[in-house]
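Open the model in your viewer and keep the selection panel at hand. This tour goes stop by stop along one interface.

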Amino acid sequence: MQQINLLLASIPDGILLGFVYGLAAMGLTLIWGVMNVINLAHGPIIALGMFGTFFMFSRLGINPYAGLIPVAFVGLLVGILIYTVAVHRVINAPHLSSLLATFSVNMIIIGLGTAALTTSPYNVDFSAGSIQLGSTTLLGTRLIAALVAMLFTAGLYLFLYRTRPGKFIRAVANNRAAAELMGVPSTRILALSFGLGTMLAAVSGALIATFFPFSILAGGSYELKSFVIGVLGGLGNPIGALFGGLILGVLEGIIPAFLESSWVPVIEFGLFVLILLVRPSGLFGAKK
Amino acid sequence: MKRSLFSFLTIMVLLGLVLSACAPSAAPTEAPAEPATAAATEAPAEEQPAATEAPAIVEKTITIGFTSSLTGAQEVSSKRQVAGFNLWMQQVNDAGGIKLSDGTVVKFAAVTYDDESNKERVQELYTRLITEDNADFLISPYSSGLTAAASIIAEQNGKIMVTAGAAEDDAYKTGNTSLFQLYTPGSQYLLSTVDMLKTLDPGAKVAVVHENDKFSTSVVEGLKPYLESQGFEVVLEEGYASDTTDFGPVINKLVESGATVLLGGGHYPDGSTFARQLYERKAGLKFVSLLVAPADSKFPELGDAALGISTSSQWELKATHTEEEAQAFGKPWYGPTGADFATAYEAATGDKPTYHVAGGYMAGLIVQKAIEDADSVDPEKVKAALEALDIFTFYGGIKFDTTPDAHGLQLGHEMVVAQWQKNEAGELVREVIWPADVATSDPLYPVPAP
C-alpha cells in the first residue's frame with residue numbers, strides 16, 4: 001500500500017518534469033535531425049538559460065515567465081552565432097569535426113562562465129505556490145513549466161508544419177541538395193535550425209531554474225538526459241523527444257519508490273544502451 | 001573532407017607541441033597563490049655564515065602546499081577553508097614568523113592549485129606539490145573524498161598532512177602515519193544531535209537520508225548504531241547521488257515513511273537544495289539536521305526554507321572555546337581567542353567566520369605550534385611534536401590518536417549543534433542549541449510548518 005501511495009505521489013511529479021526534459025531534448029534532436037550535428041554545447045546553453053532567469057528575476061525583478069521571451073530570443077541569436085562561427089565550416093565534414101567544434105564552444109562557454117560566475121550554486125528564489133493532491137504536493141513552478149513546455153512544443157510543431165521557414169527546415173532535413181535545387185537558402189535555414197535548437201535548450205534551462213539550483217556546470221546532466229531522451233524518442237524526431245522526456249521523467253519519479261535513488265542513473269543509462277541495441281531508431285522512430 | 005580534417009588535427013597537435021614547449025613548468029591557471037609570491041621576496045638565507053658576536057638571524061621560508069576547490073562541487077566550503085588558512089599565514093608572517101632557539105626565523109609561503117573538486121586532479125597536484133614545488137608540509141583539500149585521494153600521495157612521500165575539512169574516519173585506519181585530523185571524526189558527527197533529540201522527543205521516528213559519498217557515509221555508519229542504542233526507530237535510510245537536484249521522489253518517500261525527524265545531507269550544493277525542497281513540499285518534519293550546508297553563511301539565502309534547519313558544527317563563534325575552559329580541562333591554551341580570530345577575519349574579508357574558516361586557520365596554527373614545540377622544522381621532529389600535542393584553542397581541544405590502528409584521528413575535539421532561528425528583528429541567525437551548557441538559544445522544536 002505504501003508503495004502504491006508512493007507511486008501515486010511520484011508519477012505526477014515525474015510527468016511534469018518530463019515535459020521540461022523533453023523540451024531540452026527537443027533542441028538537441030532538432031539540430032541532429034536537420035544537420036546531423038550533435039551539439040555538445042547543449043548543456044552550457046541550458047545553463048545560460050538558467051542564468052538568464054536568475055539575472056532577470058534577481059537583479060531586474062522580471063517575472064521568470066515573462067523573462068522567457070528575452071531568453072528565447074537571445075538563445076536563438078546565440079545559436080545562429082554558434083552556427084555561423086563554429087559549425088558552418090564543418091557542416092559537411094565527418095561527424096568528428098562538428099563534435100569537436102561544438103565541444104570547443106562548450107569549453108569556451110564553461111570557461112567564461114566559470115570565470116564570471118564561479119561554480120557556486122545559484123538559486124532563483126521564486127515560488128508559484130503549490131497544489132495538494134492527496135499525499136503529493138504539486139509545485140506551481142513545475143506545473144507552469146510543463147505548460148510552457150507544451151506550448152513551445154505546439155509552437156514548434158506549427159512552425160515546422162505551417163510556416164514557410166518551417167517547411168524549408170523540413171526540406172533541408174529531408175534532402176539538403178534537393179532543397180537547394182528548389183531555391184531553399186540552406187545556409188540560412190541551417191543557421192535558423194541551430195538557433196531554434198539552442199532556443200529550446202535555453203528556454204528549458206530558464207524553466208528548470210525556477211525549481212532547481214544550478215551553476216554554470218549544471219547543464220551537463222541535462223545534456224546527458226537529452227541524449228537518453230533523444231535515443232528513446234528517436235534522434236531527429238522532436239515530437240518523439242517530448243514523449244522520451246515524459247518516459248524519463250516518470251522513470252525518475254517511480255524508480256526511487258522501489259530502489260535507492262542512486263539507482264536512477266544506472267537504470268536510465270541501462271535503458272539508453274538497451275534502446276540503442278534493440279531499437280536504434282528510438283521508440284517513436286528516428287527522422288524519416 | 002578527410003584530408004582537411006587530417007590537416008586540422010595535425011595543425012592542432014603541432015600547435016599543442018609548440019605551446020607545451022613554450023609553457024613554463026606551471027600552467028598559468030595553476031599559479032601559486034598570492035601569499036606565495038609575497039613570501040618569495042623574503043629570500044631564504046639558510047646558508048648565511050654565523051655571526052661571531054650576536055646570534056645570527058637566519059630566515060627560513062617553509063612552503064605549505066595544498067589544493068583548493070576553486071571550481072566544482074566543493075567550491076563553497078573549500079574557499080572558506082583557504083580563507084582561514086590565508087589569514088593564519090598572513091598573521092604569523094606579519095608577526096615576524098616563528099623564532100627558533102638557534103636563531104632561525106621561520107616564515108611561511110603557500111603553493112596552491114585549483115583541484116576542480118576532482119580526485120584525479122588532487123593526486124596529480126599533490127604529487128606536483130611534493131616533487132616540483134618541494135612543499136615542506138601539506139594541508140588537505142576540502143572534503144573527505146578529495147583528502148582520501150591526497151592522503152595516499154602524502155603517505156607515499158612521507159609528508160605530514162594536516163587534514164582540515166576531512167572528517168571521514170577510514171583514511172586514518174589504513175596504517176597511515178602522516179595524517180593529522182582536525183575535525184571531529186565523521187562517525188561522531190551527529191551523536192550530539194541524537195543526545196539532544198533524546199531529551200526533546202525520545203519517541204521521534206528518524207529518517208536517515210544522506211549523500212552517497214565517503215564523508216556522509218562515515219557519518220551514517222556512526223549514527224545508525226547510536227540511534228538504535230538510544231532507542232530511536234529508524235523508519236527510512238536512503239542514499240542519494242552527490243549531483244542530485246530533484247529531491248521530490250526522496251521527499252515523497254520520506255513523507256510515506258512517517259518520519260518525524262530527518263538526519264542526513266552531505267555537502268553544500270545538495271544540502272541547500274534538499275532544505276529548499278523540503279520547505280516547498282511542506283514535508284511536515286519536526287526537526288531537520290543536515291550536514292555542512294547549514295553551517296555556511298550562504299545558507300540564509302534560502303530565506304524561510306532555512307528556518308529551523310540545524311547542523312552539527314565543528315565550531316561556532318557564539319560558543320567559541322575559552323582559556324577558562326582550557327584551565328577547567330587542565331590543558332594548555334594556545335592561539336588567539338575566538339573573538340580576535342573572528343574580528344581579524346571580518347576585517348580581512350567582511351564576512352563572518354564559519355567552521356570551515358576556523359578549520360583552515362587551525363590547520364596552519366597546528367603546524368605553527370608543532371614547529372614551536374619541536375624547535376625545528378625537521379619533519380620527523382615536527383611529526384613527533386604533533387603526536388604529543390594535547391592543547392586547547394578557540395576551536396576546542398586538539399589531540400591526535402597515536403595508536404597504529406587509527407593514527408592521526410582526532411580525539412580531543414567536540415562538536416556543537418547549531419540551528420537557524422529568527423531573532424527579534426526577524427533575521428535568520430545561527431544559534432547554538434546543544435550542548436545545553438554552551439547553548440545560546442533553546443532548540444526550535446518542532447520546527448514551525450511552512
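A salt bridge is a side-chain nitrogen of Lys or Arg within 4 Å of a carboxyl oxygen of Asp or Glu. This is a predicted model: local features need pLDDT of at least 70, side-chain atom pairs count only at pLDDT 80 or more, and totals for chains, interfaces and linings use all residues. Residues are numbered from 1 along each chain as its sequence is written, chains are lettered from A in the order in which they are written, and side-chain values use heavy atoms, without hydrogens and water.

Select Asp246(B) and Arg142(A). Their side chains form a salt bridge, 2.7 Å from N to O. Two salt bridges are counted between chain B and chain A.

Now show both chains. Contact means heavy atoms within 4.5 Å. By that rule, 36 residues of chain B touch 42 residues of chain A. On the chain B side, 13 are nonpolar, 10 polar and 13 charged (Ala, Val, Leu, Ile, Met, Phe, Trp, Tyr, Cys and Pro count as nonpolar; Asp, Glu, Lys and Arg as charged; the others, Gly among them, as polar).

Next, select helix 8 of chain B, residues 248-257. Helices here are DSSP runs of H or I, at least four residues, numbered from the N terminus.

Is Asn252(B) buried or exposed? Asn252(B) is buried, because its relative accessible area is 7% (buried is under 20%, exposed over 50%, partly exposed in between, with a 1.4 Å probe and protein chains only). Beyond neighbours within four places in sequence, its contacts include Leu6(A), Asp13(A) and Arg281(B).

Terms used
Helix = DSSP H or I, 4+ residues; strand = E, 2+ residues; numbered from the N terminus.
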